[in-house]
Amino acid sequence: MENEKFDMTEELSDEELDEFYKELQDLYAEDEDCQKISVINPTRMKEMLFVYNVANKITKSSGAKISYKVNEPFDGMGCVSVVGKKIKVNNTPMFVEAIKRASNFEAYPKTNGTTCMTFTFHRLTGGSNE
Amino acid sequence: MNNIKCYEAVKPVIDMANERFAPAFRVNEEKNKIFKSYCDALDSISDECGTQSYEISVDEIEMTISIAVECDDIIVKDGKHYFCQLAERAIKVCFSKGEGELLKIEFVFPSIWDNQW
């Protein structure tokens, strides 16, 4: 693997990091032996963890259960779920910021009488689904 | 699709609240204009999500206006979606289960009344 292009002793900017991960993805896609290797995108992972923390904060008074999963619903994706009987969002600007960070936001009723809000993240790992 | 416009459903409730709050409080026309734009945004969401009904109430102490819509679900793929624009302007948003298998989304908006004294 060629790495002369990047000076690994200095911190990469977000754009350089994205370019680096794109090159890694392309590299692994070419090599059959590397098909099972996933490269986590730290920027995207940080966004998912940000949304997880925000969800905890803005629904604190609801008693809702907040969780996150990686490689769910598909490989390379992640999701933050908020489940409760009545989910009250008190800090609406932060809530909207969380929606903007996610690839997709969905809210729906469940059959057990609770409600679920899900923030889905694409491109969590290299070679992932868009 | 719901044929009732949101503001048409809200107006009778606002009129009743006006009578209760008068003469100490009166509608601020500027705030009312902004509130009408919220109702227009809710109509857009209704058309998209297939809203079944509107539930409107006015909190007598805080004088906030609550509008709840019921729909199958809501999906937002873009931060510029009407839902985001509306949620940012609400004081609070609540999600719960509505009638049957429907999702109930309640938006609580700021008061449109000003103290006259």
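**From chain to sheet**

Chain A contains three helices and five strands, where helices (H or I, at least four residues) and strands (E, at least two) are DSSP runs numbered from the N terminus. Followed along the sequence, chain A shows the pattern α-α-β-β-β-α-β-β. This is a predicted model, in which local features need pLDDT of at least 70 and side-chain atom pairs count only at pLDDT 80 or more, while totals for chains, interfaces and linings use all residues. Residues are numbered from 1 along each chain as its sequence is written, chains are lettered from A and ligands numbered from 1 in the order in which they are written, and side-chain values use heavy atoms, with hydrogens and water left out.

Of the 130 residues in chain A, 41% are buried, a word that stands for under 20% relative accessible area, with exposed meaning over 50% and partly exposed lying in between (1.4 Å probe, protein chains only).

At its N-terminal end, α2(A) is capped by N41(A), whose side-chain oxygen lies 3.2 Å from the backbone nitrogen of T43(A). The buried residues of α2(A) include R44(A), M48(A), V51(A) and I58(A), and what covers the buried residues of this helix includes β1 (65-70), β2 (78-84) and α3 (92-101) of chain A.

Strands of a sheet pair through backbone hydrogen bonds, either parallel or antiparallel. Here an open sheet of five strands has the order β1(A)-β2(A)-β5(A)-β4(A)-β4(B), with antiparallel pairing, and two strands are said to pair if DSSP finds at least two bridges between them. Its edge strands, each pairing on one side only, are β1 of chain A and β4 (74-76) of chain B. From one strand to the next, the twist averages 15 degrees; axes are lines fitted to C-alpha atoms, for helices over the stretch in contact (heavy atoms within 4.5 Å), and angles run from 0 to 180 degrees between N-to-C directions. Between β1(A) and β2(A), which run antiparallel, there are six bridges, and K65(A) stands opposite V83(A) in β2(A).

Two helices can now be placed on the strands. Helix α2(A) lies across β1, β2 and β5 of chain A, at about 170 degrees to β1(A), whereas α3(A) lies across β4 (104-109) and β5 of chain A together with β4 of chain B, at about 50 degrees to β5(A).

How values were computed:
A polar contact is a pair of N or O atoms within 3.5 Å; within protein, one must be able to donate a hydrogen and the other to accept it, and residues adjacent in sequence count only if both atoms are side-chain atoms.
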